[in-house]
Amino acid sequence: RQRVEAAAGAAKTKAGEIDEKYQVRQRVEAAGAAAAAKAGEIDEQYKVREKVEATREKLVSKTKELDAQYGISDAVSAAAKAATLKAGALFSKFEAPAAGKNDIAAPPPNAELPAVEK
């Protein structure tokens, strides 16, 4: 552990020396600032953000239109509800029976699950 800590300390010192000698940190920060400025210029010139937002709004509108036309969300909701009910029914068969309620016992750990009725 001491060797690792010593190596890490030496690496940090060397990185600091390299940064000081070549101004790595300052160059990276300057390049990042220049890139951000250029991105701003490109956005202003070509209206990239506006076009992306307009496209997003069209997609949302078309999605809502298709959902209204074909009832996609209703179908997905109904399928999810049906699956939840079937899963609940299946798992309720394996719950510990309440006194006098039914005679179904939990299957052994390696038992196959029964087929789900459709």
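Glu5 is partly exposed, its relative accessible area being 47%; the classes here are buried under 20%, exposed over 50% and partly exposed in between, with a 1.4 Å probe and protein chains only. Before I continue, a word on provenance. This is a predicted model, in which local features need pLDDT of at least 70 and side-chain atom pairs count only at pLDDT 80 or more, while totals for chains, interfaces and linings use all residues. Residues are numbered from 1 along each chain as its sequence is written, and side-chain values use heavy atoms, with hydrogens and water left out.

Let me return to Glu5. Its salt-bridge partner is Arg1, with 3.1 Å between the closest N and O atoms; a salt bridge here is a side-chain nitrogen of Lys or Arg within 4 Å of a carboxyl oxygen of Asp or Glu. Arg1 is exposed, at 79% relative accessibility. In general, side chains of opposite charge can pair when their charged atoms come close. How many salt bridges does a search of the whole structure find? The search finds seven.

Another of them joins Asp19 and Arg25, at 3.8 Å from N to O. Is Asp19 buried or exposed? Asp19 counts as buried, because its relative accessibility is 18%, whereas Arg25 is exposed at 55%. Asp19 belongs to helix H1; helices are DSSP runs of H or I with at least four residues, numbered from the N terminus. A polar atom of the Asp19 side chain also lies 3.1 Å from the backbone nitrogen of Val24. Leaving aside neighbours within four places in sequence, Asp19 is in contact (heavy atoms within 4.5 Å) with Val24, Arg25 and Gln26.

Together with Ile18, Tyr22 and Val28, Val24 makes a nonpolar patch of about 360 Å². Such patches take residues with over 30% relative accessible area and no salt bridge, nonpolar side chains (Val, Leu, Ile, Met, Phe, Trp, Tyr) being joined within 5 Å. Helix H1 (2-22) and helix H2 (24-46) each supply at least two of the patch residues. Tyr22, in helix H1, is partly exposed at 45%.

Finally, helix H2 and what follows. H2 has 23 residues and spans 32 Å from first to last C-alpha, close to the expected 33 Å, which is 1.5 Å times one less than the number of residues. Just after H2, Lys47 takes a positive phi of about 55°. A further salt bridge, at 3.3 Å from N to O, links Asp43 and Arg49; Arg49 is exposed, with 65% relative accessibility.

Notes:
Patch = residues over 30% accessible without salt bridge, like charges linked within 9 Å, V, L, I, M, F, W, Y side chains within 5 Å. Areas by Shrake-Rupley, 256 points an atom, 1.4 Å probe, with all protein chains shown as cover. Polar contact = N/O pair within 3.5 Å; in protein donor to acceptor, adjacent residues only side chain to side chain.
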